[in-house]
Amino acid sequence: MNHELPTELSAVARSLGTLRTEMSKAVLGQDEVLEQVLVTLLCGGHALLEGVPGVAKTLTIRALAQAVSCVVKRIQFTPDLMPSDIVGTNVFDLSTNSFRLHTGPAFTDLLLADEINRAPAKTQAALLEAMAEGHVTIDGVRHPLSPVFTVFATQNPVEFEGTYSLPEAQQDRFLMKVRVPYPDAQAERSVVEMVHRGAPPDRLDDGTVRPVMTLADLRAVRAALPRVQAEATVIDYLVNIVRATRDHESVLVGASPRGSIFLLGAAKARALLSGRDFVTPDDVVAMMVPVLGHRMTLTAEAEIAGETRAEVLRSILDKVEVPR
């Protein structure tokens, strides 16, 4: 395989590197999170960011929107949120004696669905059509959304009171679940020093993140993804990993073929972010837990024993032959 990056892909890789550098000026100590968020954006998928409050989940998406020069809207999910609060509704206009469409926040480029598990399943499901089809239906009429429409939802993993578990169908719509950990001590100290020197707490209002990509650029970058190559042995490797989740003794329901498709797409996006036009087994392994973890249901015995999906997936890796 030719390891020299073609000219077109080289330009794309440089553009992605600049985008990542700009975001890292505001989001410190979260390199893996930035990588997974950018992989999601490249694939045209959606991501569920899980982390305790104050670890820069919202900041990451705002920095992304600022760097890509796109429109971002935010919905704070609450128990009384209605589906029409997300997609919009037709409102009767007395001046024209007719109904007028009042669009909801789903009509945007990036949608930040904050604390998505605080709304009941009916309201969460309002996002399903938008996430899967790229349009919404209001009073029987279909309305297209932005061509780069992407949902970044957040949830708190330690607070359960007043929350509702995401339906399995909706979890499957997310390309990946991004776990947002605490930053390390050095990164946290750097954040504190920035604020101490006068920077706003979100590090965005002072123009820290420059716009370095347009929506047209983003669509061109996405169009480059199919040109990233994956050898047959690498595809066999990822398919074998996904299929092994269905036979593992700790797994009640394994990942579906959609998991295989999404894992390949994420691995190709990671390769492009790394400046390569070919996928390696390391790309597959790096994307395995974020893409497959939330698509598996563990057995009751495994849950009681405290096993995690990440541990199960790592044990599967030991049994699947790595291509040479």
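I worked from a predicted model, in which local features need pLDDT of at least 70, side-chain atom pairs count only at pLDDT 80 or more, and totals for chains, interfaces and linings use all residues. Residues are numbered from 1 along each chain as its sequence is written, and side-chain values use heavy atoms, with hydrogens and water left out.

Helix pair. I looked up α2 (residues 31-43) and α11 (residues 257-273), whose axes come within 9 Å and cross at roughly 115 degrees. The axes are lines fitted to C-alpha atoms over the stretch in contact, with angles from 0 to 180 degrees between N-to-C directions. Helices are DSSP runs (H or I, at least four residues) and strands likewise (E, at least two), numbered from the N terminus. For the contact (heavy atoms within 4.5 Å), I listed Glu 35, Leu 38, Val 39, Leu 42 and Cys 43 in α2 against Gly 265, Ala 266, Ala 269, Arg 270 and Leu 273 in α11.

Aromatic pair. I searched the whole structure and found 1 aromatic pair (ring centres within 6.5 Å). The rings of Phe 92 and Phe 99 have centres 5.2 Å apart and planes at 70 degrees, so I noted edge-to-face (over 60 degrees). Phe 99 is exposed at 58% relative accessibility (exposed is over 50% relative accessible area, 1.4 Å probe, protein chains only).

Positive phi. I noted Asn 97, not a glycine, with phi near 55 degrees, in the loop between β3 (88-93) and β4 (98-103). Asn 97 is exposed, at 60%. Ala 56 has phi near 80 degrees and sits in the loop between β1 (47-50) and α3 (57-68).

Definitions and conventions. Rings of Phe, Tyr and Trp (its six-membered ring) pair if their centres lie within 6.5 Å; planes under 30 degrees apart count as stacked, over 60 as edge-to-face and the rest as tilted. Buried means under 20% relative accessible area, exposed over 50%, partly exposed in between (1.4 Å probe, protein chains only).
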